[in-house]
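Hi,

Here is the structure I promised to pass on. My notes on the charged contacts and a few other spots follow below it.

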Amino acid sequence: MRIALAGNPNSGKTTLFNELTGSAQHVGNWPGVTVEKKEGPLKHHKDVLVVDLPGIYSLSPYTLEEVIARDYIVKEKPDVIINIIDATNIERNLYLTTQILETNIPTIIALNMMDVVKKSGDEIDIEKISKRLNAPVVGISAAYGEGLPELLSKALKAEKKAVTDEKIFSEDVEAAIEKIINKLPDNLGEQRRYYAIKLFERDEKILEELNFSTDKELDELITSIEDKYDEDSDSLITNERYQYVGNILKGNVVRKAHISISTSDKIDKVVTNKWLALPIFFGIMWLIYYLSITTIGDMFIGYVEEAAAFVSAKATVLMEAGNVSEMLQSLVNDGVIGGIGAIFTFVPQMMILFFFLSLLEDSGYMARVAFIMDRIFRKFGLSGKSFIPMLIGTGCSVPAIMASRTVENVKDRDMTILLTPFVPCGAKMPVFGMFIVMLFPTMAWVGPSIYIIALAMIIVSGIILKRTKRFKGDPAPFVMELPTYKLPRLKGVIIHMWDKAKAFIIRAGTVIFISVIVIWFLQSFSPSLKYIGVENMDDSILAAFGNAVKFIFKPLGFGNSWATPAAAVTGMIAKEVVVATFASIGSVVPIEFSQVSAFSFMMFTVFAAPCIAAIGAMRAEFGNTKDTVFALVFQTGVAYIMAFLANTIGNLVFAGTDATKLQPLDYTIMEDASEAVDISGGGQIVLVIFGLIIAAVIINIIIDKVKHSGMKTAKKGV
């Protein structure tokens, strides 16, 4: 038995899915989080499969995830549909319900968030609404498990019911639909009315599917109705659906007079303010980085290093007792434990960062960030929807690239796929954390500045790409429901944090594990494939490769030694491997960086072509190799330019200061990193925040000026 969960974005589908299946799916408080359908067996009913469909507003799809949901409902025909409705916004949600009921699949309507409805003093007559819709309606609160036993009982016993005689549309429209039904083949069975309505709406996909694209008789029938009502057929259907929903709710939903402004609106007056929105966002990101990387996160670094040293010592004792060869001992200690241990050092910092980002997502703030960024993105030719995948990209670029499916415009979607890897992901975090702890321990602004530069480069790239033939065109209209602010549930936040951390650990056990072994081989063998040991690394294959390519990286400030170019290239396998490479090489060969060259290296890491897994995701989403190669060349080109500018400008501005002096990377600093942090640098912190505010004000002024500079802006209505 298959039960499909269908509903609007942010209605609580994934929360209900987790409660029904016990599955640790990510629950977010902003639309677009569920991009693909997810499946899981019902708890205590292993023969029942629950399918979590992407959030949709109607069965007239515009985006890829909406196509996924409609195709599953209409073509795969699940045994039961549980239609989740946000009871606090019941009118808008019931619009989809009227369409689902037309498919004639047994449907149970779950009025979610009834706890919020009751708390606000509103009243909903569930029984009367159920009678009007001729479908079971159950009030639930998915977040707290309320009403779920009754919902499950009705779902497991659901049967097809006769379609109600109550007509949704006007007489003329109903008469036209009836004529269209008579033209349809019998094999459509009980879904003929659904298909007839879609044909009346001139749904392109249905017209093609049923070969009605060139049917003149159908076109004349629809045109006659459009002329009579002076309205497009799809708009006519939409309006009459809402009139029908309004009639159902009249007298059955009683809203308490809410005279005072809601708490969410009060907060939004500040956090979405034209002038304050960006400084607040940057300030929040700075605070998160400060806590995750510079203070709390550093406290755990020593413990992880001690654990790695303990494991290495025990492994050495065991291997010596077993007369294990020197080469194998080197592989285990210098390759596997040393490489992976160096990466795992930063797992606590990453988990703390993911925890705070999860708080922002589940509270509803990230939806506001997307809204804020749409103001900027749209003026430079990008859709605000592009920011949703970029938010996901703070965890990992792979799901972020896949989430680009929420962007319906093909050119906007391709640009989103290309630019999303510019967002600093969790894999790049260890690289930043390493440099910040070793070279910038008292500079709390370094972490957030990377995000700000990445965001600025996304905007600049958007401006450049939008002027090319490949991406030229107006951005798609951006529609997003801003959810009410809520206190995040600890369970959901921990699930979200663990999902991202688990993905990193799995990568460490697969791709990174193989990578560190390959790196160990390259640094332990000579070009003639003779084992020379890591102590003679200067004569290794890796050194030969680094020396051959270091001239390319010399203008970027880190091409003096073979080690840094080698690390930059190994980062193409997985960004975390950069740290493992530095850790293994740095134990034998001194690796020197100045603060300027370190910042340049971080710039290269941010913008360079992503890891192999992300490249694979890009290839799958583009659907061809040509666009993938273009994206990789563009990304690496931007990385080179940004690193060159960072090094050149940095050396000019800070000439003669400590910022340009080379110093070796000292991994012993990591052991007492928390003591090295100067929390008393309050003057710097205030200066950075003040600078961000000034920068945000300047950006807003520029944006306002751009409006009148002749740039084309999208004026599409929704």
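D268 counts as buried at 11% relative accessibility (buried is under 20% relative accessible area, exposed over 50%, partly exposed in between, with a 1.4 Å probe and protein chains only). Its salt-bridge partner is R368, with the closest N and O atoms 2.9 Å apart; a salt bridge here means a side-chain nitrogen of Lys or Arg within 4 Å of a carboxyl oxygen of Asp or Glu. R368 sits in helix α16 (residues 365–379) and D268 in helix α12 (residues 263–271), so the pair ties together parts that are 100 residues apart in sequence. R368 is buried too, at 1%.

Before I go on: this is a predicted model, where local features need pLDDT of at least 70 and side-chain atom pairs count only at pLDDT 80 or more, while totals for chains, interfaces and linings use all residues. Numbering runs from 1 along each chain as its sequence is written, and side-chain values use heavy atoms, leaving out hydrogens and water.

The structure holds 17 salt bridges. Another of them joins D412 to K466, with the closest N and O atoms at 3.1 Å. D412 lies in helix α19 (residues 410–419) and K466 in helix α21, so this pair ties together parts 54 residues apart in sequence. (Helices are DSSP runs of H or I, at least four residues, and strands are runs of E, at least two, numbered from the N terminus.) D412 is buried at 1%, and K466 at 9%.

D125 and K128 also form a salt bridge, with the closest N and O atoms 4.0 Å apart. D125 is partly exposed at 28%, and K128 likewise at 47%.

Cheers
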